[in-house]
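Hi everyone, thanks for making time today.

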Amino acid sequence: LFVLVTTNFAAAGEIALYDNSRDGSPLIPLIDSARKTLDIEIYEMADLAVQAALLKAASDGIKVRILIEPKPVGSSCDIFTGVASSPNDGQMSFFDVACENLKKFKQSLEKLGGSFQPFNKALCADGSNGSRSGTTAGCVQHGKMVIADRGDAILSTGNFNNTSLCDLAEKPTKCNRDYTISIRTSAIVDTLMTVFELDWASVPYDLPNSVPADSLNALTISPFSLSPTVAFIDSAKTSVEIQEQYLNDPTMNAAIVAAANRGVDVKIMVASFCSFGKPSPTEMKRAHTNYTAFESAGAKVMTFPSAIKVGGRPGYLHAKAIIVDGTRAWVGSVNGSTQSLTRNREYGLFFSVASEVTKLRKGILTDFNDANAETWQDSLKCANDSFDFHGTVDSIF
């Protein structure tokens with residue numbers, strides 16, 4: 001089904017890469033640029049500046065549609081049932097406040113004519129074999145996509161939260177390393193628009209038969225992200241650089257090991273194992289298994305502790321990016337898990353615009369070579385991570 005292409009699908013000027021903390025996210029400028037429509041698929045959206053920009057757009061007569069994950073993993077916030085938050089100690093936590101703000105935003109947007117809809121879990125499927133089979137009730141809408149006026153789009157590795165946007169106005173205690181890709185290639189945007197409309201209709205459908213096959217050479221859309229991701233890694237001749245929250249899928253990991261075994265220079269950077277507390281014995285055992293295999297094959301592995309600064313604040317690696325042979329790249333919302341690759345709704349983009357690949361590679365290698373980066377063995381000791389986190393947490397999935 002998936003055929004890896006190595007030529008540019010997008011011309012220079014049609015693709016732009018943003019490091020959210022270094023460059024600023026293009027999210028709010030895109031919202032402000034809309035004249036007729038804004039269509040959004042998102043996992044979490046707690047940033048107040050983003051909410052304000054969308055309310056202004058709706059008040060200006062722009063048609064705003066938001067398709068959102070109704071039950072983010074680990075969150076008790078449900079904006080669709082109307083059930084109020086009920087803190088155990090009677091005090092409103094950061095997360096309770098964020099939930100109430102999102103409920104108020106939904107109500108205000110709907111009063112202005114906007115539409116808010118939960119992602120239908122019946123749209124999920126097992127895509128591990130490249131074709132839709134069965135349903136997976138545990139899936140989530142984990143993608144991060146905005147389309148303005150059906151012509152300009154962004155895909156982000158981060159949610160629309162203050163930590164991912166490194167929004168200093170809301171003063172998060174940590175900032176994520178996250179990337180955003182701006183897309184103006186009409187064929188790609190048209191495909192994303194098609195998927196949005198099908199998801200908005202909320203009726204199960206067969207994705208590979210619903211969009212042009214050549215668009216799936218430029219995009220990864222879960223639950224069908226595993227095959228193109230593995231093919232991309234398999235295509236490497238000289239180098240692979242990977243930034244991921246974590247790498248737990250056995251098929252993807254096997255492709256990485258195979259690349260290293262055939263002499264490809266593989267560099268891997270993942271989030272610290274101690275970003276949200278000490279890892280469990282099960283997590284530690286899995287880390288030993290996976291990362292010993294990488295290093296035994298010759299791959300170089302580093303982790304990203306909070307001692308690495310992002311936007312001048314303690315950092316967290318939330319990005320998902322792969323570069324092959326220094327000339328071709330992929331950026332998206334897909335984590336290195338079977339769930340993300342073959343169950344969820346996720347988005348990612350392959351691109352080979354030289355200036356943007358070079359920019360991404362420079363950022364990845366800067367993090368990899370940071371003086372505060374740790375080996376995975378040292379990361380498991382939790383010496384360089386602070387656990388207190390007062391900000392919006394993107395669920396690990």
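Let's begin with a question: which cysteine forms a disulfide with cysteine 274? It's cysteine 382, and the two sulfur atoms sit 1.9 Å apart. Do keep in mind that this is a predicted model. The pair links distant parts of the chain, 108 residues apart: cysteine 274 is in the loop between β11 and α9, and cysteine 382 is in the segment after α12.

Now over to cysteine 77 and cysteine 99, another disulfide, with the sulfurs 2.1 Å apart. Cysteine 77 lies in the loop between β3 and α4, while cysteine 99 belongs to helix α4 itself, so the bond ties together parts 22 residues apart in sequence. Here the S-S torsion is about 85°, so this disulfide is right-handed. Cysteine 77 is buried at 15% relative accessible area, and cysteine 99 is buried too, at 4%.

Next comes cysteine 124, which a disulfide joins to cysteine 139, with an S to S distance of 1.3 Å. Cysteine 124 and cysteine 139 both lie in the loop between β4 and β5, so the parts being tied together are 15 residues apart in sequence. Cysteine 124 is buried at 2%, as is cysteine 139 at 1%.

To put these in context, the count comes to four disulfides. Numbering the bonded cysteines along the chain, the pattern reads 1-2, 3-4, 5-6, 7-8.

How values were computed:
Residues numbered from 1 in each chain as written. Predicted model: local features only at pLDDT ≥ 70, side-chain atom pairs only at ≥ 80, totals over all residues. Heavy atoms only, no water. Disulfide = S-S within 2.5 Å. Helix = DSSP H or I, 4+ residues; strand = E, 2+ residues; numbered from the N terminus. Buried < 20%, exposed > 50% of the residue type's maximum accessible area, 1.4 Å probe, protein only.
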